Amino acid sequence: MNSSGLCDSLAAIVGIENVTKLDFDLYSYSRDLSPARERLASMIARPRSTSEVAAIMRVANRNRFPVYVRGAGASHWAAWLPVEGGLLLDMYAMEDVVEIDSDNLTATVQSGCTWYKLDRELRKKGLTYLSSEMGGPAMTVGGSVIKAGGGSYGATKFGTHGQCDVLGLEFVLPTGEIVRTGSRAYLGAPPFRRYGIGPDLTGLLIGSEGTLGILTEATLQVRPVPEAEDYASFTFDNWKDVMEVGDAITRQFGDEIAYGFQAGEESNALGAITATAHLYGYDKETLDYRSRKLRELCKKFNGKETDANLSREYFGRVTSGLKGLFDQGVWHFAGAGMIPIRRLPEFSEAWREIVARNYKFPRCTFGAWTFPRGWTVYGHLRYADPGEHELIMTISDELNRRFTEMGIITFGIGGPDGMLPFIRGRLGSYYELLRSMKKALDPNGILQPGILVE
Amino acid sequence: MAPLTSYAEEIMKCGRCGYCLGGYMAETCPARYVIGFESGAAKGRMLAAGAMLRGRLEYSPQLVQRIYTCFLCGACKTKCEDAARIDTVEIIRTTRAETFDNGKNIPEEVQRLGNAVETRHNIFASTPEKRTAWVTSDIRIDGTAELLYFPGCVTSFRFSEIAQSTARILNKAKLSFTTLGASEWCCGNPLLSTGQYQLAREMARHNIEEISRKKIKQVLVSCPGCYKTLSHDYPKLLGLAEMPFQVVHTSQLFQSLASEGKISFRGMPKEALTYHDPCELGRLSGIYEPPRKLIQQIPGITLVEMDRNRQNAWCCGGGGGVKMIYPAQASKVALLRLKEAESSGAARIVSSCPTCKWNLTDNLKLAGSRLRVIDLSELVHSSLK
């Protein structure tokens with residue numbers, strides 16, 4: 001079947017108004033938040049239901065047509081760009097909050113639902129989610145879960161997506177079958193539990209970057225809105241002290257002192273590390289204890305308390321989006337991923353050496369936030385003008401290479417313009433098994449080809 | 001008009017964060033809501049504009065349609081304030097100007113609009129003399145006044161009650177005013193919205209000359225489109241350092257008159273009203289509070305806000321020329337706003353824009369709504385002591 005025939009088949013499934021191969025539509029989806037170069041799909045479709053996704057996949061599989069999947073396109077390592085052309089599925093039309101179960105404290109949403117929309121609906125029932133990325137309104141639940149994203153909102157307590165918030169998924173296999181995982185897989189059972197009989201197939205999808213199946217629904221654990229919250233900000237002059245604080249506040253595993261704790265340093269102001277903390281409690285006494293404890297720890301490790309509004313402004317904008325996002329230039333993330341709790345000073349030192357000392361690049365942040373017994377770290381470089389692209393790519397590649405050699409667990413892998421060149425060859429038998437599983441689930445290799453699994 | 005190439009750097013500033021997409025499909029961008037694809041929203045439009053700059057796009061009928069399907073409501077611009085501070089509205093208007101100048105596949109309605117304004121100086125192709133048909137015998141106009149009332153095309157030719165209410169309020173406040181009469185030409189806003197900058201410049205030049213000839217100090221407008229065009233666009237179009245007169249919207253002047261005690265209100269039957277922020281008055285000109293303060297001063301009237309108000313207000317669907325070119329899309333957007341107004345519990349929607357009144361009223365039946373839509377000037381006039 002040629003692409004016109006495929007377009008007709010897709011139109012029969014989703015409606016003619018939800019399929020396009022017009023050049024300006026293709027260009028409008030050609031980039032994401034990453035610096036990856038423009039990648040054009042051959043056509044785009046907007047499914048609105050799981051059954052439509054399943055029907056699309058049956059057609060695509062029959063015709064061996066590549067399919068790429070995208071939420072809001074907010075990946076910063078080229079996870080959702082159509083590397084080989086093909087069909088791009090815009091999942092944003094699947095934005096419904098399917099069910100909020102106040103008894104089991106769960107919320108089931110379509111994968112294109114944003115965190116903003118979910119939180120808005122949850123709060124009407126006095127509930128909220130566990131953790132989220134700081135991606136503002138344009139970040140979908142599906143995009144976050146399928147890449148195991150996270151941070152920094154709630155990350156210190158609940159970690160990345162999938163660590164404790166995902167209870168079950170619904171996804172469509174590359175061959176078109178619909179699968180449900182967790183307790184939802186069993187007839188009549190509500191989606192209240194991730195683990196059921198047999199292995200954790202929910203975990204198989206989390207972090208798969210859409211290569212094994214198309215996520216259509218996710219059930220998340222939610223929680224009551226805390227009664228009390230507090231914010232605090234500190235400055236430190238070295239990362240070892242910051243690391244000690246992070247170690248201490250996550251040592252009471254399961255009863256972490258902070259809900260969010262993150263720190264950052266600018267390449268043109270080494271030694272001036274700003275840290276912000278977000279605390280909550282279901283009663284005031286608990287919050288008071290945590291506030292006092294956090295302040296004691298920061299003081300013990302030479303932190304100086306500053307204006308709490310810095311923290312309030314940062315964590316308070318989780319759903320509305322950070323303010324002044326590109327004030328210092330468009331972002332270019334590099335060296336982003338997870339490291340063990342006590343290795344923070346090594347990574348910060350490597351970043352200082354590459355960015356601040358070797359390249360003397362003035363507009364780069366090294367940031368870190370804690371999750372239970374670890375840190376997520378990142379560098380983000382900012383453009384003063386587009387002509388800096390080559391320099392920024394050079395620095396970024398060096399940072400990615402060094403951090404990968406040091407053992408960072410990258411945020412995501414993505415495709416040839418993402419982290420794949422740095423990760424390739426470092427995954428051993430795990431990667432071979434992943435390839436075998438991919439082959440079994442996607443015999444024609446049509447789903448996200450070139451992403452994660454080569 | 002600055003060419004699209006002059007915006008190349010600004011277009012490159014888009015970091016593709018997606019704030020302009022909104023937190024859900026119907027939250028921020030009405031064009032995205034009706035189109036579905038990201039090419040409707042500013043993020044997609046900036047990428048497409050980049051492709052245009054590199055000569056990668058043909059002016060196909062579909063591209064031209066997409067370019068003209070933006071309500072120019074400025075919701076994306078507001079969202080972008082937190083990100084790259086890109087003047088998305090100006091860039092989108094410029095892509096229309098380039099499209100219009102290219103001349104291929106221009107919608108008939110756009111050409112008809114240009115012809116109407118060029119030959120009759122109003123957007124409806126009505127005879128220019130009909131522009132003053134709203135002036136009834138009880139309305140006192142003083143040719144020597146320093147205040148000039150500029151009703152605009154939609155008010156003059158479609159909603160004479162807005163102009164009459166405005167004039168009667170001024171008379172009641174003993175504030176002398178004059179008009180340009182049949183010499184008033186379209187302000188040029190619909191031309192700028194559809195990419196017809198050359199003709200808009202002619203309108204600007206004429207109106208400024210006519211107004212200046214009368215030695216006017218202040219121009220009062222009913223239409224937010226006129227307000228924005230006269231105050232913000234004219235200086236840019238004609239390269240003026242400053243305008244020879246001040247521009248004020250009826251909501252601002254009436255609120256001043258009320259606070260100075262020059263008009264006062266009688267007790268009205270108890271009623272809940274909701275206020276719809278016109279995009280060009282609110283988001284694009286920053287005027288949110290004067291109409292609200294005014295409504296709240298009327299005894300018996302309770303102002304209830306819709307969920308989305310002020311800078312977050314959802315467009316009525318009447319903006320950007322879309323109502324004229326693609327009325328079905330304008331309806332789809334209006335239906336959502338009417339539903340939101342119904343949810344507020346109000347019996348009437350008050351706006352400060354004749355085009356908002358036009359598009360919302362046109363869609364009441366389709367929405368099955370019992371709401372009534374009135375202009376602020378009508379509310380104020382009917383509540384005067």
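Predicted model: local features only at pLDDT ≥ 70, side-chain atom pairs only at ≥ 80, totals over all residues.
Residues are numbered from 1 along each chain as its sequence is written, and chains are lettered from A and ligands numbered from 1 in the order in which they are written. Helices (H or I, at least four residues) and strands (E, at least two) are DSSP runs, numbered from the N terminus.

**A helix pair in chain A**

- Helix α1 (residues 3-14) of chain A packs on helix α3 (residues 50-62) of chain A at an angle of about 160°, and their axes are 9 Å apart. Axes are lines fitted to C-alpha atoms, for helices over the stretch in contact, and angles run from 0 to 180 degrees between N-to-C directions.
- That makes α1(A) and α3(A) roughly antiparallel to each other. The cut-offs are: under 35 degrees roughly parallel, over 145 roughly antiparallel, 65 to 115 roughly perpendicular, and the rest oblique.
- α1(A) and α3(A) have a right-handed crossing. A crossing is right-handed if the near helix is turned clockwise from the far one by less than a right angle, and left-handed if anticlockwise.
- On the α1(A) side, the contact uses A:L6, A:S9, A:L10, A:I13 and A:V14, and on the α3(A) side A:E52, A:A55, A:I56 and A:V59. Two residues are in contact if their C-beta atoms, placed from the backbone, lie within 7 Å.
- Sorted by class, this contact of α1(A) with α3(A) has seven nonpolar, one polar and one charged residues. Ala, Val, Leu, Ile, Met, Phe, Trp, Tyr, Cys and Pro count as nonpolar, Asp, Glu, Lys and Arg as charged, and the others, Gly among them, as polar.

**Helix α13 of chain B**

- Eight of the 10 residues of α13(B) are buried, so the rest of the structure largely encloses it. Buried means that 20 or more other C-beta atoms lie within 10 Å of a residue's own, exposed means 12 or fewer, and partly exposed is in between, with C-beta atoms placed from the backbone.
- Among the buried residues of α13(B) are B:L253, B:F254 and B:L257. Their cover includes α9 (160-172), β3 (218-221), β4 (246-249), α14 and α19 (376-383) of chain B.
- α13 (residues 250-259) and α14 (residues 289-296) of chain B pack at an angle of about 45°, with axes 8 Å apart, so the two are oblique to each other.
- Here α13(B) passes α14(B) in a left-handed crossing.
- After α13(B) comes B:G261, with a positive phi near 80°.

**A sheet in chain A**

- Four strands of chain A form an open sheet in the order β1-β2-β4-β3, with mixed pairing. Its edge strands, β1 (19-20) and β3 (67-70), each pair on one side only.
- β2 (residues 43-45) and β4 (residues 87-90) of chain A pair in the parallel sense over three bridges; strands pair if DSSP finds at least two bridges between them.
- A:M43 stands opposite A:L87 in β4(A).

**Where the chains meet**

- 28 residues of chain B are in contact with 38 residues of chain A.
- The largest share of chain B's side, four residues, comes from α3(B).
- That side of chain B has 14 nonpolar, eight polar and six charged residues.
- Helix α4 (residues 61-68) of chain B has buried residues B:L63, B:V64, B:R66, B:I67 and B:Y68, and what covers them includes α2 (23-28) of chain A.
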